[in-house]
Amino acid sequence: MEDQKNQEANSDKIPKVTGVGGIFFFTENPKETREWYAKNLGLEVNDWGSTFESRNIDNPELKEALQWSPFKKNDDYFSPSKKEFMINYRVQNIERLIDQLKENGVTVLDDIATYDYGRFVHIMDADGNKIELWEPV
């Protein structure tokens, strides 16, 4: 019983993905794409796209967000990936996760950057997709 309580208390320290934080994709005209989704599908959009909020099932007081963002085709934010999309994953314990990824030979593209809304780093998966990892505040 004591071991289970210790495991649960430490589960937020395990370096891992905890959810999807964003879906980003290329389009010829991001403004028109945002407007189309607002008009036809009812998305509330701004200059960055649309944010979908939800509650954490294990902690309903905690709000979580998924960011949907169209980018201008060939924007260099996806570089060095040549793909048409990029996924952002919410993670916990970003430093340890990056250490593990490096140990596993994963390409880490930059240093962890810190902003008011969280910490970010980018990696490449085995198929050449750029992945954004985000540890929310």
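A search of the whole structure, which is a predicted model, finds six salt bridges. One of the salt bridges is formed by Glu64 and Arg90, whose closest N and O atoms are 3.1 Å apart.

Glu95 lies in helix H3 and Arg119 in strand E7 (residues 118-124), so the pair ties together parts of the chain that are 24 residues apart in sequence. Glu95 has a relative accessible area of 39% and is therefore partly exposed. The side chain of Arg119 also meets that of Glu135 in a salt bridge, at 3.1 Å from N to O. Here, too, distant parts of the chain are linked: Arg119 is in strand E7 and Glu135 in strand E8 (residues 130-136), 16 residues apart. Glu135 is buried because its relative accessible area is 16%. Through salt bridges that share partners, Glu95, Arg119 and Glu135 are joined into one network.

The elements that carry these residues belong to a chain with three helices and eight strands. Read from the N terminus, the order of the elements is α-β-α-β-β-β-α-β-β-β-β. Along the principal axes, the C-alpha atoms fill a box of roughly 55 × 35 × 25 Å. The chain has 137 residues, of which 34% count as buried. Among contacts with a separation of 6 or more, 57% are accounted for by residues 24 or more positions apart. The accessible surface of the chain comes to about 9,300 Å², and carbon and sulfur atoms contribute 50% of this area.

Several features of the backbone occur in loops. The loop between strand E3 (59-72) and strand E4 (85-92) contains Pro80, and the peptide bond leading from Ser79 to Pro80 is cis, with omega near 10°. Asn74 is also placed in the loop between E3 and E4. Although Asn74 is not a glycine, this residue has a positive phi of about 70°. Asn74 counts as exposed because its relative accessibility is 62%, a value to be read against the cut-off of over 50% for exposed residues.

A positive phi is also found at Asn93, where the angle is about 55° although the residue is not a glycine. Asn93 is located in the loop between E4 and helix H3 (94-103). At 17% relative accessibility, Asn93 counts as buried, whereas Asn74, at 62%, counts as exposed. The two asparagines thus both have a positive phi without being glycine, yet one is exposed and the other is buried.

Key: Residues numbered from 1 in each chain as written. Predicted model: local features only at pLDDT ≥ 70, side-chain atom pairs only at ≥ 80, totals over all residues. Heavy atoms only, no water. Helix = DSSP H or I, 4+ residues; strand = E, 2+ residues; numbered from the N terminus. Buried < 20%, exposed > 50% of the residue type's maximum accessible area, 1.4 Å probe, protein only. Contact = heavy atoms within 4.5 Å. Areas by Shrake-Rupley, 256 points an atom, 1.4 Å probe, with all protein chains shown as cover. Salt bridge = Lys/Arg side-chain N within 4 Å of Asp/Glu carboxyl O.
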